[in-house]
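Trainee: Could you take me through the salt bridges in this one, slowly please? I'd like a close look at who pairs with whom.

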Amino acid sequence: DANPKIIPRTHRLEHAIQAAIAGDYAPAQRLAKALSQPKDLADENQELTRMPEPDEVIPNTFCGT
């Protein structure tokens, strides 16, 4: 299978950034570890693949996309 099972979704990146700003690097470390092997998705990382809930939608990113 050529497709990754996990991609860096904007709402997950934003959560990791905000947590790091507050001094909690665990979400960023978890996301980085999961993304380091995108074709091997561990059960505990399944939630990282879900689409954002309405309150998690990031309408604009730093690059405007």
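Mentor: Let's start with Glu-47, which counts as partly exposed because its relative accessibility is 42% (buried means under 20% relative accessible area, exposed over 50%, and partly exposed is in between, with a 1.4 Å probe and protein chains only). Before going on, keep in mind that this is a predicted model, where local features need pLDDT of at least 70, side-chain atom pairs count only at pLDDT 80 or more, and totals for chains, interfaces and linings use all residues. Residues are numbered from 1 along each chain as its sequence is written, and side-chain values use heavy atoms, with hydrogens and water left out.

Now, the partner. Glu-47 makes a salt bridge with Arg-30, and their closest N and O atoms are 3.8 Å apart. By salt bridge I mean a side-chain nitrogen of Lys or Arg within 4 Å of a carboxyl oxygen of Asp or Glu. Why do such pairs turn up? Side chains of opposite charge can pair when their charged atoms come close.

Back to our pair: Arg-30 sits in helix 2 while Glu-47 belongs to the segment after helix 2, so the bridge ties together parts that are 17 residues apart in sequence. (Helices here are DSSP runs of H or I with at least four residues, numbered from the N terminus.) Arg-30 is itself partly exposed, at a relative accessible area of 31%.

There's a third member to meet. Arg-12 is linked with Arg-30 and Glu-47 in a network of salt bridges. You'll find Arg-12 in helix 1, which covers residues 10-21. With 9% relative accessibility, Arg-12 counts as buried. Leaving aside residues up to four places away in sequence, Arg-12 touches Leu-31, Glu-47, Leu-48 and Arg-50, where contact means heavy atoms within 4.5 Å.

Arg-50 bridges to Glu-53, with the closest N and O atoms 3.9 Å apart. Arg-50 also pairs with Glu-56, and there the closest N and O atoms are 2.8 Å apart.

For the whole picture, the structure holds four salt bridges; the ones I've walked you through include Arg-30 with Glu-47 and Arg-50 with Glu-56.

Terms used:
Helix = DSSP H or I, 4+ residues; strand = E, 2+ residues; numbered from the N terminus.
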